[in-house]
Structures are given as structure tokens and as C-alpha cells.
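Let's take a walk through a protein model together.

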Amino acid sequence: MTQLDGVIKPKTKRSKRFLDRRAPKLTEDVKTTMIMKGGNASQTVTQALKDIYSLKKPNAVLYKKKNITRPFEDSTSLEFFSKKTDCSLFLFGSHNKKRPNNLIFGRMFDFHVLDMVELGVEKYVALSEIKNSKCPEGTKPMLVFAGEAFDTDNEHKRLKSLLIDFFRGPTASAVRLAGLEHVLHFTALDGKIYMRSYRCVLKKSGCRTPRIELEEMGPSFDLVLRRTHLASDDLYKLAHRKPKALKAKKKKNISHNVFGTKFGRVHMQKQDLAKLQTRKMKGLRKRRGDVVAEDQDAQAPKVVKVDS
């Protein structure tokens, strides 16, 4: 590939296909996550990264080597790896004396850091420690958020948006009941965030709708919010902008009421009702004898009586 005046021109068909895959699309591909650990990482952080990677597969890339970088001080290294692997989400794990068992969730916009939230792990139960059955790889989870902080506090609102973006998985056009088997529950309480992972078990209920029970399968986190790096309102609004081709075109003379009923207004020219073609019914036809009698009555001379 050659670069001229800021435009990359492919020289081979392979490089052309590569650039076509990276080019902007109206409907973007599934967001990929890169998971890496810093220069110092404890056993808890290493295992936590592996468990989250198992939940994100196959839409994730796990780096096994250590990367000496500090995202809040210098994010150029993360942006380089993001552009190299075409990942718009990242998870960075580190451990030090000041911030032990540290997890940084973040997302990119145009290969630059948009949002970053640093969470500290206070309690952790690994995926392998819970001996219940697990969900298959690539299962799309159902996300549940509980707690007033997710609706009132600005940082928790952004964290909720980030977690939805991180765990949502591919967009499904149709849903079957047996496929709804993974639940991720996030609870914000007393300044902490509790993350639990459950598996839905469908059992007999004696009727058509099965009885649903939640069975914890792991991993389990007790997290505390530490540092945040949030995008400005203008940049955040720009990142959510949709192309004009995807916006629904407004249809004229169509409205909806509060119940969702659709109303349409039709404009027509003035009609002559005398020439209106009505529906012909067999029961309304006149019999032949009645027509002859009416004709004879019409032709008969009228007699007028005069009082003398």
C-alpha cells in the first residue's frame, strides 16, 4: 500500500480487501474487544481477564504478554493496538500498591479513547470455582441494571452505557426462548458495583410457559469505582451520530396517537356522488313483471276529478 496526500491507495487485491473491511459501513460489524494486562498483574487480575475473555469469545482478542503502559497517563499504546487489531473496546488489568487488582474498561471512537472507567476488584470468585454448568461460547447475555445510581449519577450513567456496549454482543434479528440462557446482573449499592453472572434454567411448570430459575455460574465481582476519563458532551454526541441513510424518512400525512394507533390523511378531489358506482346486489334487482307494470302505469292517461 502507498500513501499519497493522506490517502492510502492499495497496490494489491489483498490490501484492497483489507482496506474494504476497515472502511466505514452503514451497518458496522460486531465490536471486538482487546484484553491485555499491564507490567504488574496479580493472579487475581490475570484470572479475571481470562474469565471475561471466556464470556466475550469469539469477539475478543486476549494478549498474553505484559504491556508496560498507563492508560490514564498515556493512551497512545492502547490506540496503536486498537488500530492494529481493529478493536473498539478494551479491558486493561494491572496491580500495584496504590491501586491493587485494577480493571480499566474503555471504548474507542475513531481509534481514540472515548471513555475509560477504572474499577477496583475487592472480591472475586472465578468461573472455575463455581461447579455449575456453563453457557455455550458466544451466547448473547441479557443485561440487568439495578440501583438508583445508574439513573441519577453522571459517572454511573456513563458506566452503564459502557458496560452495555462492552457485553451486548451481536445484534439479533430474532430471539428464541431456549437461547435466553445467560444473565449478567449489575447492582449499584453504597458506592460499590456488584456483578453477577447467572444461567437461566427452564423447568416444567404444568402450563405452556416454563418456570425459570437462575443458577449462578460465575464469574462474580465486587467492584469499587476509582478513576474515570469521560468524553465531553460534544464528542459523546458526535460518537452517537447516525448516518443519514439509516435515519427513517418522515412520511407525510401520517400520525400516531398515544396508544400507538396509526392514522393517515388522504387528499382527494371533489367527487360527483350522482355518478358514484355502488355495489350491485342481486336482492335489489327489479323483477320483469314489476318493470312492465310500472311502464303501463306511466303510459296510462291520468283522470282528474273536478267538483261541481
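Grid points are joined across faces, edges and corners, and a volume is the space filled by probe spheres set on the points.

Before we go in, note that this is a predicted model: local features need pLDDT of at least 70, side-chain atom pairs count only at pLDDT 80 or more, and totals for chains, interfaces and linings use all residues. Residues are numbered from 1 along each chain as its sequence is written, and side-chain values use heavy atoms, with hydrogens and water left out.

Let's begin with the cavity. The count comes to one cavity of 30 Å³ or more, and the largest cavity has a volume of about 30 Å³. Its lining is made of F105, L119, L159, L163, F186, I193, M195 and L223. To sort such residues, Ala, Val, Leu, Ile, Met, Phe, Trp, Tyr, Cys and Pro count as nonpolar, Asp, Glu, Lys and Arg as charged, and the others, Gly among them, as polar. On that scheme the lining of the largest cavity has eight nonpolar residues, no polar and no charged. Helix α5 (154-167) and strand β10 (192-203) each supply at least two of the lining residues. Those names come from DSSP runs, numbered from the N terminus: helices are H or I with at least four residues, strands are E with at least two.

Now for the pockets. The largest pocket holds about 2100 Å³ of space. Of the 46 residues that line the largest pocket, E28, K31, S88, F109 and D110 are the closest to its centre. Its lining divides into 21 nonpolar, nine polar and 16 charged residues. The second largest pocket has a volume of about 360 Å³. Among its 18 lining residues, T69, R70, F92, S94 and N96 lie nearest the centre.

Next, look for rings. A pair of aromatic rings is described by the distance of the centres and the angle of the planes. Rings of Phe, Tyr and Trp (its six-membered ring) pair if their centres lie within 6.5 Å; planes under 30 degrees apart count as stacked, over 60 as edge-to-face and the rest as tilted. The whole structure has eight aromatic pairs. Take Y63 and F81: their ring centres are 5.4 Å apart and their planes stand at 65°, so this pair is edge-to-face. Y63 is in strand β4 (residues 60-66) and F81 in helix α3 (residues 76-85), so the pair links distant parts of the chain, 18 residues apart. Y63 and F81 are both buried (buried means under 20% relative accessible area, exposed over 50%, partly exposed in between, with a 1.4 Å probe and protein chains only). F81 also pairs with F80, with centres 5.4 Å apart and planes at 70°, so that pair is edge-to-face too. Elsewhere, F105, F145, F150, F166, F167 and F186 form one aromatic cluster.

Some rings have a charge over them (NZ of Lys or CZ of Arg within 6 Å of the ring centre and within 35 degrees of the ring normal). The charged end of K56 sits over the ring of F166, 5.1 Å from its centre, and R227 lies over the face of F72, at 4.3 Å from the ring centre.

Let's turn to polar contacts. Such a contact is a pair of N or O atoms within 3.5 Å; within protein, one must be able to donate a hydrogen and the other to accept it, and residues adjacent in sequence count only if both atoms are side-chain atoms. S197, in strand β10, is buried at 0% relative accessibility, and its side chain makes a polar contact with the side chain of H182 (2.9 Å). N257 is partly exposed at 29%, and its side chain reaches the backbone nitrogen of G260 at 3.1 Å.

Finally, check the backbone. The peptide bond from K57 to P58 is cis, with omega near 5°, and another cis bond joins G218 and P219, where omega is about -5°. D86 has a positive phi, near 60°, though D86 is a residue other than glycine.

Terms used. On a 1 Å grid over the protein atoms alone, a cavity is a set of points where a 1.4 Å probe fits but cannot get out, and a pocket is an open set with protein on both sides within 12 Å along at least five of seven lines; lining residues have an atom within 4 Å of a point.
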